[in-house]
Amino acid sequence: MTGEESVDDDGFIDVRELEKVFTVRRRSGFLRRTTSEVRAVDGISFAVPRGEMVGFIGPNGAGKSTTIKMLTGILTPSGGRLRVAGVDPWKERTQLVRRIGVVFGQRTTLWWDLPLRDSYALVKRMYRIPEARYRANLERCVELLELDGLLEVPVRQLSLGQRMRGDITAALLHDPDVLYLDEPTIGLDVISKARVREFLLNLNAEMGTTVLLTTHDLSDIEYLCKRVVVIDHGRLMYDGVLAGLHEVGSSERTLVVDLEREMPPIEGVHGARTVRTEGPRQWLAFPAAASAAPLVSQVAAGYPLVDLSIREPDIEDVIARMYAR
Amino acid sequence: MRLPRLYFAVAGSGFRRYATYRMATAAGVFTNTIFGFILAYTFIALWNERPQLGGYDQSQALTFVWIGQALLASAALMGGGFQDEFQERIRTGDVAIDLYRPIDLQMWWLASDLGRAAFHLVGRGVVPLVVGAFAFELALPGSLLVWALFLLSVFLGVVVSFALRYLFALCGFWLLDASGLGALSMLLSLFFSGMMLPLNVFPGALGEIVRWLPWAATLQVPADVLLGVRQGGAGIAGAFGFQSVWALVLLGCGRLLQKVATRRVVVQGG
């Protein structure tokens with residue numbers, strides 16, 4: 001193969017100072033137009049070792065899809081350096097696409113009016129997959145994704161969950177090194193979601209496929225990825241283990257206390273503030289890293305305490321707080 | 001190189017896809033036949049006034065009408081075919097999926113459009129021509145060789161027609177809505193292929209120009225091959241040469257434009 005550099009497994013996907021700037025023209029009067037620059041991706045760097053599963057999160061328009069499009073070679077970066085499996089995705093897109101699989105939750109890569117089996121046969125021709133490997137891969141996917149009995153059904157007649165599983169199969173028939181999943185569980189019911197997640201875990205463990213996943217569903221991430229990358233406004237906000245998000249997001253735990261009766265908001269508790277009251281129940285927020293014991297004793301000393309509980313920070317709150325900054 | 005097998009498979013699936021729509025085919029055959037009668041009676045009136053107009057006698061003119069109806073769907077003389085589908089994929093951003101595939105975008109669509117054209121030639125071409133031949137006195141050749149040359153010329157014509165429509169469709173990468181261009185492309189094709197009036201009837205300088213435009217390769221040239229207007233070694237070589245040069249030039253332009261389009265593509269939607 002051409003252009004293949006020696007790839008150390010740590011930098012299987014290697015992104016440095018990646019940028020993408022779109023020029024937007026807007027009509028600002030009769031025949032007059034103003035142009036402005038939108039920095040969709042603004043200097044992002046990260047590396048993904050072979051065989052890792054990474055979750056990409058960020059609000060709509062954060063630059064996730066733009067980053068994925070550059071990683072897969074269908075968008076040219078405006079700046080920075082980018083290597084996937086040692087090759088420049090844009091320059092060697094046609095070579096790279098043989099080694100990647102792509103799944104979109106909101107689009108299908110299958111042919112609308114063909115049965116699944118015919119779609120797969122076309123994929124086999126396209127990627128020139130040897131017969132034996134094709135059979136083994138198809139069998140494996142059919143079994144694990146429970147596609148039995150669906151192979152003869154035209155794609156347009158499949159339900160969303162069935163189509164999604166069909167799409168994942170299509171993306172894996174040629175044994176890709178990297179699998180990109182763009183919102184793979186969007187719109188799926190609980191059972192379908194679980195099935196897709198189970199399958200992805202299994203794929204990663206058994207085949208060693210590197211997986212990059214974008215999603216708005218944080219439970220996907222909690223279930224699948226040890227590592228998460230948070231992007232907002234085209235910048236990297238966080239890159240690390242999921243649990244570490246709490247520290248970065250300056251997250252807070254909540255002490256919920258039930259008093260004997262309705263009282264004015266609790267005051268004078270050192271290291272905590274009352275964020276909400278509702279009848280005899282009050283909520284006190286305090287830093288996630290701090291201990292709850294001194295707070296409890298302070299409240300118990302000054303107020304008629306009946307019951308209490310501590311609420312751990314919600315990952316969604318943490319991320320919402322990061323976005324808001 | 002095993003790649004062409006893929007494109008044969010794509011052409012095959014293009015053929016099968018259109019073959020499943022039987023009612024649409026029947027309706028198309030009916031329309032072509034009616035349209036053929038209307039044009040035929042118009043041409044009879046015209047050639048009665050001006051015999052030998054454009055060098056055709058009346059039966060040649062009528063033959064031209066029915067060849068036009070036979071090729072209307074196959075050579076996509078009124079647009080359509082892959083063009084609508086491709087434009088829709090550009091508009092919705094689904095074209096991104098095509099770019100993720102180890103295929104040549106242009107070859108892919110060419111193969112699928114050739115499959116469609118092959119079906120339309122059989123499914124929508126044969127019946128109108130046969131009806132026309134029974135209803136009027138047509139100047140159809142008796143020689144199998146001429147028919148074979150005609151089919152080859154039709155094939156080249158479809159490639160030119162594809163290349164033209166591909167160029168128009170690619171403009172969708174820049175325009176948010178390419179339907180206006182689609183209408184323009186249909187209008188140009190309708191007039192400059194000879195569909196409304198054979199190109200050798202166009203007067204003076206306009207006639208000279210339109211006979212050299214690529215649209216001439218889609219209907220006028222195949223018709224002239226069948227009618228024996230272009231015959232003999234030189235005549236046939238001239239016809240095929242004209243079609244092949246346009247096919248190569250336009251496919252080349254298509255590749256260039258495709259390169260620019262995919263370079264600056266903003267694939268629409270998340």
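In chain B, residues 24 or more positions apart account for 81% of the contacts with a separation of 6 or more, two residues being in contact if their C-beta atoms, placed from the backbone, lie within 7 Å. This value, like those that follow, comes from a predicted model, in which local features need pLDDT of at least 70, side-chain atom pairs count only at pLDDT 80 or more, and totals for chains, interfaces and linings use all residues. Residues are numbered from 1 along each chain as its sequence is written, while chains are lettered from A and ligands numbered from 1 in the order in which they are written.

Chain B contains eleven helices and zero strands; helices (H or I, at least four residues) and strands (E, at least two) are DSSP runs, numbered from the N terminus. The radius of gyration of chain B, taken over C-alpha atoms, is 19 Å, close to the 18 Å that the globule rule gives for 270 residues, so chain B is as compact as a globular protein of that length. The globule rule is 2.2 Å times the number of residues to the power 0.38. Along the principal axes, the C-alpha atoms of chain B fill a box of roughly 60 × 40 × 40 Å. Of the 270 residues in chain B, 41% are buried. A residue is buried if 20 or more other C-beta atoms lie within 10 Å of its own, exposed if 12 or fewer, and partly exposed in between, with C-beta atoms placed from the backbone.

An unreviewed UniProt entry places the feature "transmembrane region" at residues 21-44, 64-82, 117-138, 144-167, 174-197 and 234-254 of chain B. UniProt positions are given in the numbering used here, feature names are shortened, and annotations may be inferred rather than shown by experiment. Over residues 21-44 of chain B, the chain is 96% helix and 0% strand, and the end C-alpha atoms are 34 Å apart. Over residues 174-197 of chain B, the corresponding figures are 58% helix and 0% strand, with the end C-alpha atoms 33 Å apart.

Among contacts in chain A between residues at least 6 apart in sequence, 69% join residues at least 24 apart.

Several strands of chain A are paired, which requires that DSSP finds at least two bridges between them. Strand 1 (residues 13-29) is joined to strand 2 (residues 32-48) of chain A by 14 bridges, and the two run antiparallel. Within this pair, Ile13(A) stands opposite Val48(A). The two strands form a hairpin with two residues between them, and Leu31(A) in the turn has a positive phi of about 65 degrees. Strand 1 of chain A also pairs with strand 4 (residues 79-84) of chain A in the antiparallel sense, over five bridges; here Val15(A) stands opposite Leu82(A).

Strand 8 (residues 227-232) of chain A is mostly covered, as five of its six residues are buried. Four bridges join strand 8 to strand 3 (residues 53-57) of chain A, and these strands run parallel, with Val54(A) opposite Arg227(A). Strand 8 is also joined to strand 9 (residues 235-241) of chain A by six bridges, in an antiparallel arrangement that sets Val228(A) opposite Gly240(A). Strands 8 and 9 of chain A form a hairpin with two residues between them, and His233(A) in the turn has a positive phi of about 50 degrees.

An open sheet in chain A is formed by four strands in the order 11-12-10-13, with antiparallel pairing. Strand 11 (273-278) and strand 13 (305-311) of chain A stand at the edges with a single partner strand each, so one side of each is left without a neighbour in the sheet. The twist averages 20 degrees from one strand to the next. Five bridges join strand 11 to strand 12 (residues 281-287) of chain A, and Arg276(A) has Trp283(A) as its bridge partner. Helix 9 (residues 293-302) of chain A lies across strand 10 (252-259), strand 12 and strand 13 of chain A, running at about 160 degrees to strand 13. Axes are lines fitted to C-alpha atoms, for helices over the stretch in contact, and angles run from 0 to 180 degrees between N-to-C directions.

The contact between the chains takes 19 residues from chain A and 18 residues from chain B. On the side of chain A that touches chain B, the elements that give two or more residues are helix 1 (64-71) and helix 3 (116-127) of chain A. The largest share, four residues, comes from helix 3 of chain A.
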